[in-house]
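Subject: Structure handover

Hello,

Here is the structure for you to look at. My notes on it follow below.

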Amino acid sequence: MKITKVFKSEVLASTDLVELVGERLDLFSEGSSYKALCPFHDEKTPSFDVSPERQTYKCFGCGEQGDATEFVRKMDDLDFREAVEYLAKRVESEERVSDRKSTRLNSSHVVLSYAVFCLKKKTVYIITHTLP
């Protein structure tokens, strides 16, 4: 399968780099970015910076930098196509989970709406049959 620039852009737009990196590294917030120990070299002081605004990372110790695709490529030793496919599958599974939650919420809303309807109906019956 050929990976187009448009497809890669869509996958990257749907990927939260902070969440992706946070699943693999211990990130902590520092100002408007997140920091961690760099996974690409040994260090004692965190120099790995993740920018949620730019959706990029950079290590100020070893110079490694990139986007979600580059991070997955380097962490999992994948080629470009495999990295984009991995991210696409990840996005797809997150969307399925989100859809299932949405369906459950919609079902719960229907049940709750019916319960409220029944209570109102019962209240009207009690008021009309017990008050003089």
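First, a term: buried means under 20% relative accessible area, exposed means over 50%, and partly exposed lies in between (1.4 Å probe, protein chains only). The model is predicted: local features need pLDDT of at least 70, side-chain atom pairs count only at pLDDT 80 or more, and totals for chains, interfaces and linings use all residues. Residues are numbered from 1 along each chain as its sequence is written, and side-chain values use heavy atoms, with hydrogens and water left out.

Helices (H or I, at least four residues) and strands (E, at least two) are DSSP runs, numbered from the N terminus. Two strands pair if DSSP finds at least two bridges between them.

Start with strand E3 (48–51). Strand E2 (residues 33–36) runs antiparallel to E3, with three bridges. E4 also runs antiparallel to E3, with four bridges. Phe 48 in E3 stands opposite Ala 36. In E4, Phe 48 has Cys 59 as its bridge partner.

Both faces of E3 are covered. Phe 48 and Val 50 are buried on one side, Asp 49 and Ser 51 on the other. In a regular strand, side chains alternate between the two faces of the sheet.

Next, the turn. E3 and E4 form a hairpin with four residues between them. Gln 55 sits in that turn. Its phi is positive, about 55°, although Gln 55 is not a glycine. Gln 55 counts as partly exposed because its relative accessibility is 23%.

Asp 77 also has a positive phi of about 55° and is not a glycine. Asp 77 lies in the loop between helix H3 (68–76) and helix H4 (80–130). Its relative accessible area is 70%, so Asp 77 is exposed.

Best wishes
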